[in-house]
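Please examine the sequence and the model shown here before reading the report that follows.

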Amino acid sequence: MNISKIEHIGIAVESLESAIPYYETLLGSKCYAIEEVADQKVKTAFFLVGETKIELLESMDPNGPIGKFLEKKGQGVHHIAFAVDQVDEALAEAEASGIQLVDKIGRNGAEGLKIGFLHPKSTFGVLTELCSK
Ligand code: ZN
C-alpha cells in the first residue's frame, strides 16, 4: 500500500468559527484554507503541523456524514488519513487483504485530493482515510 505519512487528522466540530481560534492559539499558526466539500456535506478548515495537517470538519447538513457523527458521538476525532501513491490501487489492495471498505473507488476530497475510506469495523474502530494527489 506504501503509506508515506499521516496526511491529516480529521476532527469533527460543531462550529469552525469557534474551533479555529483555539487551534490557531494552540498551534501558533493561522488556518491556511477553508473549503466546502459538497460531496461530503462539510466545510473544512486546515492547519499545518509539520508535514501533517489538522482538518476541522463542520457539518453543512445534519444528514451528512459529519452531521450524523456529531449527533451520535459529539465533537472529536473523526478520522485519520494516510497518504498513499494512488488511492484506487490502495483501496483494491486493502480489499484484497480482507479489509472492509466504505469506498470501492476514490472520490473527490478537500485540497484536490482523491480520497477513500476503510470501514471502522475492519480498522479497530478508527475511520481510516487513504488519500493521494
Ligand atoms: Zn480527511
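Which residues coordinate the zinc ion? The zinc ion is held by His8 (NE2), Glu55 (OE), His79 (NE2) and Glu129 (OE), at 2.0 to 2.4 Å; donors are N, O and S atoms within 2.8 Å of the metal (3.2 Å for Na, K and Ca), and water is not among the atoms, so sites may look incomplete. This is a predicted model, in which local features need pLDDT of at least 70 and side-chain atom pairs count only at pLDDT 80 or more, while totals for chains, interfaces and linings use all residues. Residues are numbered from 1 along each chain as its sequence is written, and side-chain values use heavy atoms, leaving out hydrogens and water.

His8 belongs to strand 1 (residues 5-13) and His79 to strand 5 (residues 76-83), so this pair ties together parts 71 residues apart in sequence. Strands (E, at least two residues) and helices (H or I, at least four) are DSSP runs, numbered from the N terminus.

The aromatic residues form another topic. Rings of Phe, Tyr and Trp (its six-membered ring) pair if their centres lie within 6.5 Å; planes under 30 degrees apart count as stacked, over 60 as edge-to-face and the rest as tilted. The whole structure contains 3 aromatic pairs, including the two tabulated here.

| Pair | Centre to centre | Angle between planes | Class |
|---|---|---|---|
| Tyr22 and Tyr23 | 4.8 Å | 80° | edge-to-face |
| Tyr32 and Phe46 | 6.2 Å | 40° | tilted |

Tyr32 lies in the loop between helix 1 (16-27) and strand 2 (33-37), and Phe46 in strand 3 (residues 42-49), 14 residues apart. Tyr22, Tyr23 and Phe47 form one aromatic cluster.
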